Amino acid sequence: MCGIYACLGNSDATSKVLAGLKRIEYRGYDSWGIAICNDEIEIEKHVGKISAIEKLSLADSNNAIGHTRWATHGGVTQKNAHPHLAQNGSFALVQNGVLENYQELKKELQKDDYKFQTETDTEVIVALLEKECGKTIDLEKFSRTIKRLAGRNTILVLTKTGEVWVYRQGSPLIIGQGERGDFYFSSDLASMSLDAKKYRVIENQEIIHFDGKNLESFQSKDLTPKQIIFQIMDQQALEIDKGSFAHFMLKEIHEQEESFLKILSKSEELFPKIAEKIELSRNIYVVGAGSASYAAASIVFNLRANRKNVYHVPAYDSADFAAIFNEKDMAIVLSQSGETADTIEAIEQMKTKGVFIVSVVNMPSSTLMNMADIAYPLNVGAEIGVASSKALTGHMLFGMALADYLENKNFSFKKEVEKFSKQLGEWFGNEKIMNDIKKIAQLLSQKNDLYILGRGQLLASALEFALKIKEVSYIHAEGFSAGELKHGVIALIEKETPVICLVNKLTREDMISSAHEVKARGARVIGIATKNEDIFDDFIELPQAEKFANLSSIIVAQLLTYEIALIKNLDPDKPRNLAKSVTVK
Ligand code: F6R
């Protein structure tokens, strides 16, 4: 949450930061701001999305820093937007994270008569740095200040003299090297690929100093210098272009036709290693948050079918499982961004107990990828739409492929995925089916509540279906097991309540009787299956690959919610109150 972008040593720094912030806006779009330094520090900041801005009132500068905010402490106001200026005017600061001891520090600073202007925890860091350093920051004073900050905080400070001080604790920050002796800082790798061809991930507890020309690095613990060695970026993996699609979300939905095979590109190398570990482990935990947690539930379903001792651990609830973590166990951790605070904390907890970690992460060089004993790259390409689409189905497909490998010890599953991908491509091109989806989107856009029933392998799909509808089209949707119906949920059904039934071969019989039960109470039954049934009032046909109905029914959810968002005039790429990378707890 929140994004930082900075450009140093380039005469176009101001416009480069404006463009860079637009690329990381998905990390938070409550407000944004840029600070430059031309003898004095100047700041421009606004409430709302930066994508609408064409021109800044700021002048050009060699050094500029910027921030997009997802509000945590303090409302969405211009005053609370970053960068925050020191009261003595000597520096501007941006932060990504949460200062956990901000109340205690604030009281201490207020006793010294500091008059706070905002409600943010960030201003507390500014005040502390100003108290410690006066008008000139140096390494010792900077390190004394950051040692007092509790929680996951990454800060970047631009001084009046054109120097930059950076400290990473938790929230990610990456340095990029341009081709003209210029440097960049960004919260993610993909956003920098237009400006820099080389990069280096800043490590936790590392301090970086830019003296106006060169970069130097120090370990914050004892201030020993560290080397900065840059790596070449894989530009293709980082491409963030919408192409001919109206929105990133639509593009990323369509990319699923190709992404499933890409996910398997490392399977021959890594599945045998993961399988060996699975065979030797006592318990297996599958961990993720939000959509990645539903993918975890789906993977648990697949591995349990292989008689494995496997548990679904929602990342934010991992403390409830901590008593059973043990060095004989392993975890499979799922994340698109690799930076989700809840998930990182769960993995930190597991690592202290000696649990072996396999990560399945999309963003290269991210924290969770680096924490893993085996890092399986999800490899679906940059996902920019805030609501997860191709990464979520990618994680589910990973689980299906791994379970198949455990059962058969071969890679024949690839052939089935090839066939499914082809069918999916044809399905996207089927005008009738796409029109059916649009018609049902029209119907659902008028509703306030809807329910999605799944069973077996389609239960995780029903839960994810509901999440997609809620977060992108703002309609109250609940997914649950059809088995739950008679135990209470059926009380919610009234005349014309939409009930979406996800059906596959294995669950067909039970689902059809659930459909009858809700229909008898007046529900409008929308069937999503490979075959139409008499009981359905409306029907969306899935690609004929039965085995993959769990994935294709989610693709229907993605298209439906996208269409509903358009009907309701909402931005499907940036739903309200959300941010792509949830780096705070
Ligand atoms: C929902 C969504 C979120 C993420 C969750 C975890 O559409 O995108 O629920 O799935 O915040 O994010 P990652 O996968 O980056 O760990």
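Predicted model: local features only at pLDDT ≥ 70, side-chain atom pairs only at ≥ 80, totals over all residues.
Is Ser-365 buried or exposed? At 15% relative accessibility, Ser-365 counts as buried, where buried means under 20% relative accessible area, exposed means over 50%, and partly exposed sits in between, using a 1.4 Å probe and protein chains only.

Okay, quick ground rules. Residues are numbered from 1 along each chain as its sequence is written, and side-chain values use heavy atoms, with hydrogens and water left out.

Back to Ser-365. Its phi is positive, about 60°, although Ser-365 is not a glycine. You'll find Ser-365 in the loop between β19 (356–361) and α10 (367–371); helices here are DSSP runs of H or I with at least four residues, strands are runs of E with at least two, and both are numbered from the N terminus.

There's another one like that to look at. Asp-113, also not a glycine, has a positive phi near 80°, and sits in the loop between α2 (102–111) and α3 (122–133). Asp-113 is exposed, though, with a relative accessible area of 55%.

While we're on backbone: His-82 and Pro-83 are joined by a cis peptide bond, with omega about -5°. Pro-83 is in the loop between β4 (63–69) and β5 (84–85). Asn-80 is in the loop between β4 and β5 too, and Asn-80 is buried, at 1% relative accessible area.

Now the ligand. Which residues come nearest? Of the 15 around it, those are Ser-335, Gln-336, Ser-337, Thr-340 and Glu-471, and a residue is near if one of its heavy atoms lies within 4 Å.

For polar contacts, the cut-off is a pair of N or O atoms within 3.5 Å; within protein, one must be able to donate a hydrogen and the other to accept it, and residues adjacent in sequence count only if both atoms are side-chain atoms. Ser-337 has a side-chain N or O atom 2.6 Å from a ligand oxygen. For Lys-468, the side-chain N or O atom is 2.9 Å from an oxygen of the ligand. And a polar side-chain atom of Glu-471 is 2.4 Å from a ligand oxygen.

Who builds the shell? The elements giving two or more residues are α8 (291–305) and α14 (457–473), and α14 has the largest share, with three residues. Domain 2 (247–427) and domain 3 (430–585) both contribute to the shell, so the ligand lies between them; the domain bounds come from an automatic or database assignment.

Last topic, aromatics. The structure holds 18 aromatic pairs, meaning Phe, Tyr or Trp rings (six-membered ring for Trp) with centres within 6.5 Å; planes under 30 degrees apart are stacked, over 60 edge-to-face, the rest tilted. Tyr-5 and Tyr-184 make a tilted pair, 6.4 Å centre to centre and 50° between the planes. That pair links distant parts of the chain, Tyr-5 in β1 (residues 3–8) and Tyr-184 in β10 (residues 183–186), 179 residues apart. Tyr-5 is buried at 0%, and Tyr-184 is buried at 0% relative accessibility. Ring pairs also link Phe-271, Tyr-376, Phe-398, Tyr-405 and Phe-411 into a cluster.
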